[in-house]
Amino acid sequence: MTSVTPEAPQLDGPAEKPAVGGPRRSPADELKGHLQAYTARVRGGDMGSLPAALGLVVLCAVFGTLRPAFLTAGNFANLFTQGAVITTIAMGLIFVLLLGEIDLSAGFASGVAGAVLAVTLTKHGWPLPVALAATIVTGVVIGLVLGTLVARVGIPSFVVTLGGFLAFQGVVLIIIGQGGNIPITNETVLAIQNNNLSPALGWVLFALVAAGYAATRVLVARSRRRKGLDTEPLVVSAVKVAGVVAITAAAVAVLNEERSRNVMVVSLKGVPIVVPVIVVLLALGTFVLGYTRYGLHIYAVGGNAEAARRAGIKVARIRTSVFVICSTMAAVAGIFAASRANSVDPNAGGSNTLLYAVGAAVIGGTSLFGGRGRIVDAVVGGAVVAVIDNGMGLLGYSSGVKFVVTGLVLVVAAGVDALSRRRAAASGA
Amino acid sequence: MTEPILSLRQVNKSFGPAHVLKDVDFNAYPGEVMALVGDNGAGKSTLTKCIGGIHPIDSGSYEFDGRPVRVHEPRDASALGIEIVYQDLALCDNLDIVQNMFLGREERSGMVLDRASMEERALQTLAGLSVRTVTSVRQRVASLSGGQRQTVAIARAVLWNSKVVILDEPTAALGVAQTKQVLDLVRRLADAGLAVILISHNMNDVLSVADRISALYLGRMAAEVRRADIDHTRIVELITTGRSGDLGLAPEQTGETGDPDATPAAGGSDPAGEADAIRPGDAIGPVVEPAGPAETPTATDTDDEVPA
Ligand SMILES: Nc1ncnc2c1ncn2[C@@H]1O[C@H](COP(=O)(O)OP(=O)(O)OP(=O)(O)O)[C@@H](O)[C@H]1O
Ligand SMILES: [Mg+2]
């Protein structure tokens, strides 16, 4: 769904009702209207993250039954650190996908950024902030080049980023050297994917996030009610907030369990540090896309570029900027990947990284045709991809089978996207 | 007599080899409805887009409120107070009604979009247009009927305190009642002092609401006349042949063979406008290239469109 408000569009009751200042409807009517609008939206092909969320539940049930090890706290924590890289790349990709463009080079862009981090930190001994800045700037520059070639020169993004895919792979190889491997020794970088928050800090952050989430919803609803506008029925808001809070609380509780095999040697518990980092990125991305003029203009350009241009939107600038965001997010993912692998090798960001990231976005509900998608799709879809990869690994399948299955899931998700688009066209919704 | 608020002189516009607008003069007057008529492909929409800054004009002058202005992009036109309902409506299907109405001019409080106050204004505007069929302004435009979409596009144009409103075939998809609503709106806007330009193929609508009529014929302005000085038959003649009695283009301009020295007489009660529209001995030559689709290579329009 692309509405800037987090709530679903709402049917306004009978048409004769005066548009402004009409009488309040009863809560039951409101709820009914809301549900009707939601059903209409799903029927019209806009299912958002719903299929992915359902799929996630099914996958977890299946893997949990077949391999009880899947449902352990240790493996649960694994899922987060495994999924962090592709989810972060997918978040950036969603900006590009919203314009109906693609960035095939995002995987290796993260590799280049990781290589820059490793070289500046380990080889040149730069201070961490400077090395991190160099890593991020690498992402920005890559995005500027790609975006300019697409938006100003007019080369299709598929071709530009396919070129980037090959070229950045070469750059990583040149920086690291064939067969080479640069270790990461910086404690702070390693901590991102290897250390955990203390259980107490985990609960404090949880409380902040839960309160912030609930407060935003209440504030938005209040300001709308004050103007006499439709609001999401209170029940629906309450259920949504309670659901999100409950799931998050459960996750924090599980992650706070002891998951060390030998507690005498080392204690291993708490929320992995990368999780709150992802939550911040998620909140930031949601804010930008859902609540700012810039985000709205991204949807507009993705929906109808010519209409956006006639509305005075600087289309080329928007187009360039999404590539900058995508490559910058890829650079952040490169830091996560380096932290997880404790090193950077010539294949950093290669192999299935990009495919998994695109898969995450599409599985999560972002359309490849542009104009539809949300940042949270990257998280839900990323979780699906991580669960498939992790669960099949536990079941002892080879990489080959995992690739085939993930590839198929991606195609199926893209198929659902294409079909729901056809359906939307047919139903006019 | 009233001075035009919008005045184009000798405007030319080509798309590659297709010369679509040829030395066009065009005016719009405050408080009046100017109907712009012409056959399919005559150049009405192109003229609209030139006024709106979608297509920059190749040559000619563009005056607004008596001052020469430069309109290179859509922002320039809206800054002048020109609002356009395009023939293709130019709506974003994936956005809802409010988002479309405010696109490019969103209200914000701080950095955040002020969704609530935009919605409030949108509701008021739609109520002012007596729109009854739209159930919620939070509905996506993709889910609207053709007529509802047209209504949204019109509502977007009247949302702003504009001075000139251009409606390119605004009633094409509308039912009888809604068409009447739009024509009433056109009248109300003009009575409120705006200059309204109405493009329509429906001569009854044109005759019922227009104060003046401009007729385009194959990219040339055949005539600008007052409504009172013309009737149905003569407009149709102007549209189909570019001429009607003492009105219209010289024979060599319409592509007819005729007396090359024939100087069309200025007629009607608007000699000034006429004299500008009719220029004997045109430099283009006696044969008017029909700007039909067959002669319009699609490749030529690429620099004007946003890459898809
Ligand atoms: N972007 C473009 N590139 C090339 N040719 C164009 C372009 N836009 C319009 N034309 C040509 O200009 C001519 C005039 O088109 P225009 O759309 O202005 O006609 P119109 O008077 O609005 O017709 P209608 O009544 O069918 O809407 C047509 O021959 C058309 O093919
Ligand atoms: Mg037209």
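**Note on the predicted model: chains A and B**

1. A:Thr148 is partly exposed, its relative accessible area being 33%. On this scale buried is under 20% relative accessible area, exposed is over 50%, and partly exposed lies in between, with a 1.4 Å probe and protein chains only. The model is a predicted one, in which local features need pLDDT of at least 70 and side-chain atom pairs count only at pLDDT 80 or more, whereas totals for chains, interfaces and linings use all residues. Residues are numbered from 1 along each chain as its sequence is written, chains are lettered from A and ligands numbered from 1 in the order in which they are written, and side-chain values use heavy atoms, with hydrogens and water left out.

2. Apart from its neighbours within four places in sequence, A:Thr148 has contacts, meaning heavy atoms within 4.5 Å, with A:Val153 and A:Thr320. A polar atom of the A:Thr148 side chain is 2.5 Å from the backbone oxygen of A:Leu144. For reference, a polar contact is a pair of N or O atoms within 3.5 Å; within protein, one must be able to donate a hydrogen and the other to accept it, and residues adjacent in sequence count only if both atoms are side-chain atoms. Between A:Thr148 and A:Phe323 there are 8.8 Å from C-alpha to C-alpha, against a sequence separation of 175 residues.

3. Which residues of H7(A) are buried? In this helix, residues 187-194 of chain A, they are A:Val189, A:Leu190, A:Ala191, A:Ile192 and A:Gln193. Their cover includes H3, H4 (106-123), H5 (128-153), H10 (274-291) and H13 (315-341) of chain A. At the N-terminal end of H7(A) the cap is A:Asn186, with a side-chain oxygen 2.8 Å from the backbone nitrogen of A:Thr188.

4. Two helix pairs in chain A follow. Two packed helices are described by the angle between their axes and the distance between the axes. Axes here are lines fitted to C-alpha atoms, for helices over the stretch in contact, and angles run from 0 to 180 degrees between N-to-C directions.

5. H3 (residues 73-98) and H15 (residues 376-394) of chain A have axes 8 Å apart and pack at an angle of about 135°. H3(A) and H15(A) are therefore oblique to each other; under 35 degrees counts as roughly parallel, over 145 as roughly antiparallel, 65 to 115 as roughly perpendicular and the rest as oblique. The contact holds eleven nonpolar, seven polar and one charged residues, where Ala, Val, Leu, Ile, Met, Phe, Trp, Tyr, Cys and Pro count as nonpolar, Asp, Glu, Lys and Arg as charged, and the others, Gly among them, as polar.

6. For H10(A) and H13(A), the axes come within 12 Å and the crossing angle is roughly 175°. These helices are therefore roughly antiparallel to each other. H10(A) contributes A:Val274, A:Val277, A:Ile278 and A:Leu281, which meet A:Met329, A:Val332 and A:Phe336 of H13(A). By class, this contact of H10(A) with H13(A) has seven nonpolar, no polar and no charged residues.

7. Chain B comprises ten helices and 14 strands. Its 308 residues are 55% buried. Among contacts in chain B with a separation of 6 or more, 64% join residues 24 or more positions apart.

8. Is B:Lys13 buried or exposed? B:Lys13 counts as buried, at 4% relative accessibility. The residue sits in strand E1 (residues 6-15) of chain B, and a polar atom of its side chain is 2.9 Å from the backbone oxygen of B:Pro56. B:Lys13 is also one of the contacts of B:Thr46 beyond four places in sequence, together with B:Phe15, B:Val20, B:Leu21 and B:His55. B:Thr46 itself is in H1 (residues 44-51) of chain B and is buried, with a relative accessible area of 13%.

9. B:Ala90 has phi near 50°, a positive value in a residue other than glycine; B:Ala90 lies in the loop between E6 (82-85) and H3 (97-101) of chain B and is buried at 5% relative accessibility. B:Glu169 has phi near 50°, again positive in a residue other than glycine. The loop holding B:Glu169 runs between E9 (164-168) and H6 (176-191) of chain B, and B:Glu169 is buried at a relative accessible area of 13%.

Methods:
Helices (H or I, at least four residues) and strands (E, at least two) are DSSP runs, numbered from the N terminus.
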